[in-house]
Amino acid sequence: MGGEGLFLSNRNFSKAEKMAEIYGCGALPLYEKNKFMEFTDILLCATSAPHIIIGREDMPTDREITVIDLSFPENVENTVAEMSNVKFFDIKTVEKFVTRNLALRKEEVLRAEAIIEAEINNYNIWISSRKKYCYE
């Protein structure tokens, strides 16, 4: 289990180390975020902190990075989303994806029900035709 180059960080480093051991990844102290942001390709932020943890100044500018902020309140500064090298997803964006996907699934359920109903009807017609021959 675990990913190559996967690490997590926490303001309590011993907690980060314990979680990293469970998930088979590395741990880095949050106060070193400027160092680990240099090699971060995907940043997933999910904290209970009531303030911004990652600011625009923490973001690399020389390459693309994907940022997913699932925190409430948000922990990634909202101007990060405006950066041209950042693909930004916050909890509102994720909620939109979920809502859209649920709508698509509901449409597919209706299509599946129509197919099932048609097949039941075909089966009943077939059974009826078989009964004719069984009783004659």
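Thr40 is buried, with a relative accessible area of 4%; here buried means under 20% relative accessible area, exposed over 50% and partly exposed in between, computed with a 1.4 Å probe on protein chains only. The structure is a predicted model, in which local features need pLDDT of at least 70 and side-chain atom pairs count only at pLDDT 80 or more, while totals for chains, interfaces and linings use all residues. Residues are numbered from 1 along each chain as its sequence is written, and side-chain values use heavy atoms, with hydrogens and water left out.

Thr40 sits in the loop between helix 2 (33-36) and strand 3 (42-45); helices (H or I, at least four residues) and strands (E, at least two) are DSSP runs, numbered from the N terminus. The Thr40 side chain reaches the backbone oxygen of Phe36 at 2.5 Å. Leaving aside residues up to four places away in sequence, Thr40 touches Phe7, Arg63 and Ile65, where contact means heavy atoms within 4.5 Å.

Asp58 counts as buried, at 7% relative accessibility.

Arg63, a contact of Thr40, also meets Asp41 in a salt bridge (3.8 Å, N to O). This pair links distant parts of the chain, 22 residues apart: Asp41 is in the loop between helix 2 and strand 3, and Arg63 in the loop between strand 3 and strand 4. Asp41 is exposed at 52% relative accessible area, whereas Arg63 is partly exposed at 21%.

Strand 4 (residues 65-69) and strand 5 run parallel and are joined by 5 bridges; two strands pair if DSSP finds at least two bridges between them. Val67 has Phe88 as its bridge partner in strand 5. In a regular strand the side chains alternate between the two faces of the sheet.

Note on methods
Polar contact = N/O pair within 3.5 Å; in protein donor to acceptor, adjacent residues only side chain to side chain. Salt bridge = Lys/Arg side-chain N within 4 Å of Asp/Glu carboxyl O.
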